[in-house]
Amino acid sequence: MFFCVLTSQVFAQQRDTTDEYTLRRVEDSYERRISNSSDVWGNKRIFYGGNVGLGFGNFTNILLNPRINLYEPTTKSILGAGVMYQYINNFGNKFNIAGINLLAHKLLFNTAFVGVESEMLYIWNRTGGIWSYPFMVGGGFISVSPGGFYSFGLFYPIYQGVNPIYPNTIIFRFNFGF
């Protein structure tokens with residue numbers, strides 16, 4: 001049945017030079033508009049989103065991490081940058097963390113990703129402050145649609161400088177964008 005449909009389509013094609021000329025002229029006009037366009041973003045999409053975390057009790061944790069992400073569908077990659085603020089109260093020991101973070105993720109099979117994330121964080125309390133520079137590698141699941149994206153990932157800090165902020169364990173991350 002498939003063979004019959006295929007051969008009927010091949011033999012049914014006829015050339016009409018008038019329509020071909022009109023189509024070629026329309027396609028040329030469209031290609032000229034695209035090539036003359038000053039749109040440097042092309043088919044890239046920008047997503048706004050980030051991370052939000054809340055935990056209350058003897059250990060209180062409040063996290064705000066807005067990000068801007070650039071998605072390039074032809075290379076299936078996401079580049080992002082954001083700022084972060086986190087408040088931690090661990091049985092009366094209060095800390096504030098603020099800084100910036102960068103990410104680069106590569107999509108695999110349209111649903112999985114591998115990536116790196118780097119942060120530059122300043123941690124302070126009543127007695128003073130320190131800098132920490134975590135660099136993490138990992139991967140996970142991602143779903144990208146025209147309306148946004150979300151991802152679940154596991155990351156491991158392979159470098160943190162002289163002032164480590166994360167434990168040497170796997171870190172769970174959830175990101176979203178719209």
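Modeller: The largest cavity has a volume of about 60 Å³. The model is a predicted one.

Biologist: What makes a space a cavity rather than a pocket?

Modeller: A cavity is a space where a 1.4 Å probe fits but cannot get out, whereas a pocket is open. Rolling a probe the size of a water molecule over the atoms shows where empty space is left. In this model, 1 cavity of 30 Å³ or more is counted.

Biologist: Which residues line the largest cavity?

Modeller: The lining consists of Gly-50, Arg-67, Asn-69, Ile-78, Leu-103, His-105, Ile-142, Phe-149, Ser-151, Asn-175 and Phe-176. At least two lining residues come from each of strand 2 (59-72), strand 4 (93-108), strand 8 (148-159) and strand 9 (171-177).

Biologist: How many residues of that lining are nonpolar, polar and charged?

Modeller: There are 5 nonpolar, 5 polar and 1 charged. Arg-67 is part of the lining, and Arg counts as charged. Gly-50 is there too, and Gly counts as polar by this scheme.

Biologist: What is the volume of the largest pocket?

Modeller: About 550 Å³. Its lining has 26 residues, and those closest to the centre are Asn-61, Leu-63, Gln-86, Tyr-166 and Ile-171. Two or more lining residues are given by each of strand 1 (45-55), strand 2, strand 3, strand 4, strand 5 and strand 9. Strand 9 provides the largest share, with 4 residues. By class, the pocket lining has 16 nonpolar, 8 polar and 2 charged residues.

Biologist: Now the rings. How many aromatic pairs does the whole structure hold?

Modeller: The search finds 8. One of them is formed by Phe-113 and Phe-155, with 6.3 Å between the centres and 35 degrees between the planes. Ring centres must lie within 6.5 Å to pair, and this distance is 6.3 Å. Planes under 30 degrees apart would be stacked, and over 60 edge-to-face. The angle is 35 degrees, and the pair is tilted.

Biologist: Why is the Phe-113 and Phe-155 pair said to tie parts together?

Modeller: Phe-113 sits in strand 5 (residues 112-125) and Phe-155 in strand 8, so the pair links parts that are 42 residues apart in sequence. Phe-113 and Phe-155 are both buried, a label that requires under 20% relative accessible area.

Biologist: Why is the pair of Tyr-122 and Trp-124 called stacked?

Modeller: The limit for stacked is under 30 degrees. The planes of Tyr-122 and Trp-124 lie at 25 degrees, with the ring centres 5.8 Å apart, so the pair is stacked.

Biologist: Why is Tyr-122 called partly exposed?

Modeller: Partly exposed lies between buried, under 20%, and exposed, over 50%. Tyr-122 has 29% relative accessibility, so it counts as partly exposed. Trp-124 has 29% as well, so it gets that label too.

Biologist: Which residues form the aromatic cluster?

Modeller: One cluster is made of Phe-141, Tyr-150, Phe-152, Phe-172 and Phe-174.

Biologist: How many residues does the largest nonpolar core have?

Modeller: It has 18, and Ile-78, Ile-97, Leu-121 and Ile-142 have the most contacts inside it. Strand 2, strand 3 (77-90), strand 4, strand 5, strand 7 (135-145) and strand 8 each supply at least two of the core residues. Leaving out residues up to four places away in sequence, Ile-78 touches several residues, including Leu-70, Leu-107 and Ile-142. Ile-78 and Ile-142 are also in the lining of the largest cavity.

Key
Residues are numbered from 1 along each chain as its sequence is written. This is a predicted model: local features need pLDDT of at least 70, side-chain atom pairs count only at pLDDT 80 or more; totals for chains, interfaces and linings use all residues. Side-chain values use heavy atoms; hydrogens and water are left out. On a 1 Å grid over the protein atoms alone, a cavity is a set of points where a 1.4 Å probe fits but cannot get out, and a pocket is an open set with protein on both sides within 12 Å along at least five of seven lines; lining residues have an atom within 4 Å of a point. Grid points are joined across faces, edges and corners, and a volume is the space filled by probe spheres set on the points. Rings of Phe, Tyr and Trp (its six-membered ring) pair if their centres lie within 6.5 Å; planes under 30 degrees apart count as stacked, over 60 as edge-to-face and the rest as tilted. Buried means under 20% relative accessible area, exposed over 50%, partly exposed in between (1.4 Å probe, protein chains only). A nonpolar core is a set of buried Ala, Val, Leu, Ile, Met, Phe, Trp, Tyr and Cys residues joined through side-chain atoms within 4.5 Å. Contact means heavy atoms within 4.5 Å.
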